[in-house]
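Let us walk through this model together, starting with its open spaces and then turning to the contacts between side chains.

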Amino acid sequence: MRREPAVAGSFYPDVERELEKEVLSLLGGALPNKGKDVKALIVPHAGYVFSGGVAASAFNQLDKKRKYKRVFVIGSAHRNSFAGASLYSAGNFSMPYGVEEVDRDVAKTLFSTHPFLFSSDPGHHEGEHSIEVQLPFLHYVMNPGYSIVPVLLGNVTAHECREIADALRPWFEEDSLFVISSDFSHYPSYEKATEIDRTTMEAIVSGNPDNLVRILEKNESLDVQDLHTSLCGWSSVLTLMYLTSSSHAYAYEPLEYRNSGDNALYGDKDNVVGYWAISVSNTNSLHIS
């Protein structure tokens with residue numbers, strides 16, 4: 001049972017040739033590789049016309065020569081409501097360029113060892129874009145041979161994010177990459193978004209999960225006009241922070257910021273969505289790009 005694309009033709013081109021051209025163009029204009037040993041990326045998930053350049057700056061940090069065995073793509077649900085974390089394991093992901101293979105063995109292990117945290121209902125993933133929009137970048141940047149583990153977080157608490165992180169920790173290893181899908185503020189003014197998104201980013205790069213929880217609560221209390229959320233994928237980002245907080249080896253680095261108001265043709269500066277690209281590197285690694 002393959003998962004068919006939900007947003008091909010709207011968030012990104014649905015024709016292989018056009019998609020390749022757009023992704024390679026975005027990567028060509030993005031922030032150059034900094035030569036770090038990247039363990040995880042926080043990447044926006046809007047339509048490429050708005051957030052594709054920021055996403056490209058994140059994916060450009062990956063070493064083109066390196067082979068990852070699997071990529072955990074973690075997003076927070078936008079379309080469907082459910083408890084815990086949902087793993088798509090019914091089949092592979094169909095994309096305009098072919099198929100992204102799903103690592104079902106990891107899913108089976110998580111189901112068997114943590115049955116109260118993880119579910120496997122394909123319906124949870126219907127219409128969802130947060131995982132899907134990351135896949136073309138992976139396809140055109142990564143070496144072949146990797147598989148993906150699509151993890152969609154539903155209605156979870158901060159405590160459950162910590163439990164999910166503990167369950168995923170055995171795979172937070174050298175041959176796995178973690179891609180965390182999240183936009184930042186939704187719908188404040190351009191000026192307010194820039195201010196709030198910087199505060200949220202600083203909490204994330206501190207590496208302290210408690211800092212992020214505190215800042216998100218503070219942002220909500222500010223009563224900013226039209227601010228619906230300051231981090232739509234907060235649960236996914238918090239899960240990553242719990243994964244990295246057990247070691248001092250991981251360093252967060254902000255790479256690039258834009259918001260939808262920066263698009264000269266379509267940008268509305270009264271109600272914007274913010275986008276940060278952030279990398280997480282292993283500072284103890286001897287890896288040289």
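On a 1 Å grid over the protein atoms alone, a pocket is an open set of points where a 1.4 Å probe fits, with protein on both sides within 12 Å along at least five of seven lines, while a cavity is a set from which the probe cannot get out; lining residues have an atom within 4 Å of a point. Grid points are joined across faces, edges and corners, and a volume is the space filled by probe spheres set on the points. This is a predicted model, in which local features need pLDDT of at least 70 and side-chain atom pairs count only at pLDDT 80 or more, whereas totals for chains, interfaces and linings use all residues. Residues are numbered from 1 along each chain as its sequence is written, and side-chain values use heavy atoms, with hydrogens and water left out.

With that in hand, the largest pocket holds about 300 Å³ of space. Its lining is made of 14 residues, and Leu216, Glu217, Glu220, Ser230 and Trp234 lie nearest the centre. Helix α7 (residues 209-221) gives the most to this lining, with 5 residues; helices (H or I, at least four residues) and strands (E, at least two) are DSSP runs, numbered from the N terminus. By class, the lining of the largest pocket has 7 nonpolar, 4 polar and 3 charged residues, where Ala, Val, Leu, Ile, Met, Phe, Trp, Tyr, Cys and Pro count as nonpolar, Asp, Glu, Lys and Arg as charged, and the others, Gly among them, as polar.

The second largest pocket has about 210 Å³ of space. Of the 13 residues that line this pocket, Phe11, Ala46, His129, Asp183 and His186 are nearest its centre. The lining divides into 6 nonpolar, 5 polar and 2 charged residues.

Now for the charged side chains. The structure has 10 salt bridges, each a side-chain nitrogen of Lys or Arg within 4 Å of a carboxyl oxygen of Asp or Glu. One of them joins arginine 3 to glutamate 132, with the closest N and O atoms 2.9 Å apart. Arginine 3 lies in the segment before α1 (16-28) and glutamate 132 in the loop between β6 (118-119) and α4 (135-141), so this pair ties together parts that are 129 residues apart in sequence. Both residues are buried, a word for under 20% relative accessible area, with exposed meaning over 50% and partly exposed in between (1.4 Å probe, protein chains only).

Aspartate 103 and arginine 70 form another salt bridge, at 3.2 Å between the closest N and O atoms. This pair also links distant parts of the chain, 33 residues apart: aspartate 103 is in the loop between β5 (98-100) and α3 (104-113), and arginine 70 is in strand β2 (residues 70-76). Aspartate 103 is buried at 11% relative accessible area, and arginine 70 is buried at 7%.

Where do glutamate 195 and lysine 192 sit? They are in helix α6 (residues 190-205), and because they are 3 residues apart, about one helical turn separates them. Glutamate 195 is partly exposed at 47%, as is lysine 192 at 36%.

Aromatic rings come next. Phe72, Trp171, Phe172, Phe178 and Tyr250 form one aromatic cluster; rings of Phe, Tyr and Trp (its six-membered ring) pair if their centres lie within 6.5 Å, and planes under 30 degrees apart count as stacked, over 60 as edge-to-face and the rest as tilted.
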